[in-house]
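Welcome, and thanks for bringing your viewer along.

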Amino acid sequence: MKKNILIIVFFNFLAIVLFNVFWSDVESSKANTNLVELKQKFSKKKKKIVDHSKFEILQQDFINPTDVTTACISCHQERHHEVMESNHWNWEREEYIEGRGVTYLGKKNIINNFCIGATGNEQACAKCHIGYGYEKNEVFFATEKNVDCLACHNGVDDYIKNGGWGKPNDKVDLKLVAQSVGHTSKANCGTCHFFSGGGNNVKHGDLEVAQLDCSREVDVHMASDGIDLSCTDCHVAENHNIKGKLYSLSSENKNRATCEDCHTSIAHQNDILNSHTKKIACQTCHIPTYAKENATKMTWDWSTAGKLKDGKPYHTEDEMGNHDYLSIKGSFTWEKNVKPEYIFFNGTADHYVFGDKADTLSPIQINTLHGSYADGKIIPVKVHRAVQPYDPENKILIQPYTFNPEKGSGAYWTDFDWVEASRIGQKKLGLPFSGKVDFAKTEMYWPINHMVSPKENSMSCVECHTRASEGRLFQLAGFYMPGRDTTDWLDQAGKWLILLSILGVVTHAIIRVYFKIIN
């Protein structure tokens with residue numbers, strides 16, 4: 001009898017083991033097949049097929065960068081029109097925002113809490129944009145030869161756009177650069193996106209120059225010793241319309257680049273992890289920290305700007321070598337290996353638009369990312385906190401006139417006069433100015449999407465599922481999370497279940513002992 005029972009137990013155990021092994025292989029196959037295909041796809045690097053140095057039209061000594069564009073257009077017909085339809089060119093995009101309706105958002109009417117605004121300051125801002133000649137605003141956007149093809153397609157290291165109004169440095173050899181063009185590269189994109197805000201990793205926190213040559217621990221996608229993806233491998237372009245949007249400027253949930261584009265929604269071998277993706281974005285677990293190699297700017301206080309030494313502006317640096325004070329910009333704090341903050345996000349956003357009234361009882365939100373447990377996913381964000389100029393009478397944020405190298409122009413970085421810089425800046429926007437300058441606290445949200453860690457360095461379960469106050473999601477309300485939250489009735493039910501189980505076992509044992517004794 002006992003032998004038969006042992007045989008039955010053995011075969012049941014074997015069946016369970018085989019079932020789990022088989023099912024695990026099926027799940028493993030589903031999850032890994034896509035990954036293998038991806039590695040095969042992106043291991044084939046783009047090769048430069050056309051040697052532009054042999055083209056007769058590019059053998060000339062170009063005097064003006066617009067002459068290069070004319071040469072490009074002579075072969076690549078109509079491509080410039082695609083560029084002129086893009087967000088990159090127009091500094092704005094059509095958006096629908098709940099409560100505002102269809103509107104156009106961009107650097108023309110959006111404020112930020114770094115350098116604040118572009119209007120009136122284009123001479124400086126234009127060094128990161130794909131056009132020449134912003135000084136003639138009224139004709140710039142309609143002029144074909146102002147398209148800067150070289151900004152995205154140059155193949156050299158010294159194409160520097162610091163010649164003013166979007167023009168390259170006078171020392172740039174335009175003939176050499178024109179002959180070097182090819183596919184876009186990480187360096188092309190990074191020239192603007194790594195240095196936005198005035199320096200390396202200032203704005204984003206997850207995009208910086210180290211990613212040109214980094215390890216898998218820094219960015220598993222862009223790693224030189226890994227798959228070494230280029231920006232346009234994910235941010236694919238169709239007719240110069242590039243996939244992916246940044247929520248400092250965009251508001252709608254469309255044309256986004258997502259992890260699922262490549263990895264699908266069953267990226268894990270473990271079903272429990274796959275089920276998490278319904279409410280948690282991939283980035284939340286796979287980007288435990290950002291600013292891994294170089295620090296990023298976390299706070300900016302404009303109210304301390306304007307201090308001089310011996311009548312001249314000065315700067316100081318923190319222990320990491322980053323400017324923590326500049327007379328022209330005020331005080332900053334920087335952080336490295338930063339743990340993100342977390343919010344619910346449904347893909348839509350609102351923005352502070354020039355002229356919006358706001359009180360200062362709480363920090364003014366520069367961009368509000370919408371979402372809740374019902375309609376969003378948890379995403380990691382960098383929150384940049386600032387103190388910036390504010391008109392207390394009109395109750396609006398001020399965009400000061402900051403850049404003009406000529407003394408007496410009224411630009412703040414030259415004359416250090418807040419009232420005059422604010423008067424000129426608001427006039428350029430067509431907004432009122434009371435003559436008074438106060439300062440207001442502001443917050444701006446930057447979703448963290450890059451610097452993805454290898455899976456072995458991703459967040460562990462206990463970093464979220466804990467009651468400790470340092471838990472990653474400790475501050476995120478509006479939902480129940482096992483391990484973090486408690487519910488009285490569920491706790492009581494659990495206690496009673498345990499007690500009844502113990503009682504049942506004890507009772508069963510007593511009955512067995514009793515009958516064994518009397519028999």
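Two strands pair if DSSP finds at least two bridges between them. Helices (H or I, at least four residues) and strands (E, at least two) are DSSP runs, numbered from the N terminus. Before you click, note that this is a predicted model, in which local features need pLDDT of at least 70 and side-chain atom pairs count only at pLDDT 80 or more, while totals for chains, interfaces and linings use all residues. Residues are numbered from 1 along each chain as its sequence is written, and side-chain values use heavy atoms, with hydrogens and water left out.

**First stop: a hairpin**

Select residues 92-97, strand β1, together with residues 101-106, strand β2: the two run antiparallel and are joined by six bridges. Pick R93 and look across to β2, where L105 is its bridge partner. Three residues lie between the strands of this hairpin, and G99 takes a positive phi near 95 degrees.

**Next: aromatic rings**

Show the side chains of Phe, Tyr and Trp. Rings (the six-membered one for Trp) pair if their centres lie within 6.5 Å; planes under 30 degrees apart count as stacked, over 60 as edge-to-face and the rest as tilted. How many aromatic pairs does a search of the whole structure find? There are 14 aromatic pairs. One of them is W300 with W302, a stacked pair at 5.1 Å centre to centre with 20 degrees between the planes.

Y373 sits in the loop between β12 (367-369) and β13 (377-391), and F479 in the loop between β15 (438-447) and α16 (488-518), so the pair ties together parts that are 106 residues apart in sequence. Y373 is partly exposed at 39% relative accessibility, whereas F479 is buried at 16%.

To see an aromatic cluster, select F114, W300, W302, F332, Y412, F416, W418, F439 and W446 together.

**Charges over rings**

A charge sits over a ring if NZ of Lys or CZ of Arg is within 6 Å of the ring centre and within 35 degrees of the ring normal. Select K307 and Y325: the lysine lies over the ring face, at 5.4 Å from the ring centre. Then try K309, whose charged end sits over the ring of Y314, 4.5 Å from its centre.

**A look at the cysteines**

How many disulfides (pairs of cysteine sulfur atoms within 2.5 Å) does the structure hold? The count is zero. For C75, the nearest cysteine sulfur is that of C72, 8.5 Å away, and C75 is exposed at 52% relative accessibility. The sulfur of C234 is 5.3 Å from the closest cysteine sulfur, in C262, which is too far for a bond. C234 is partly exposed, at 33%.

**Last stop: a helical stretch**

An unreviewed UniProt entry annotates residues 5-23 and 496-515 as "transmembrane region"; such annotations may be inferred rather than shown by experiment. Select residues 496-515: the chain there is 100% helix and 0% strand, with the end C-alpha atoms 28 Å apart.

Conventions: Disulfide = S-S within 2.5 Å. Buried < 20%, exposed > 50% of the residue type's maximum accessible area, 1.4 Å probe, protein only.
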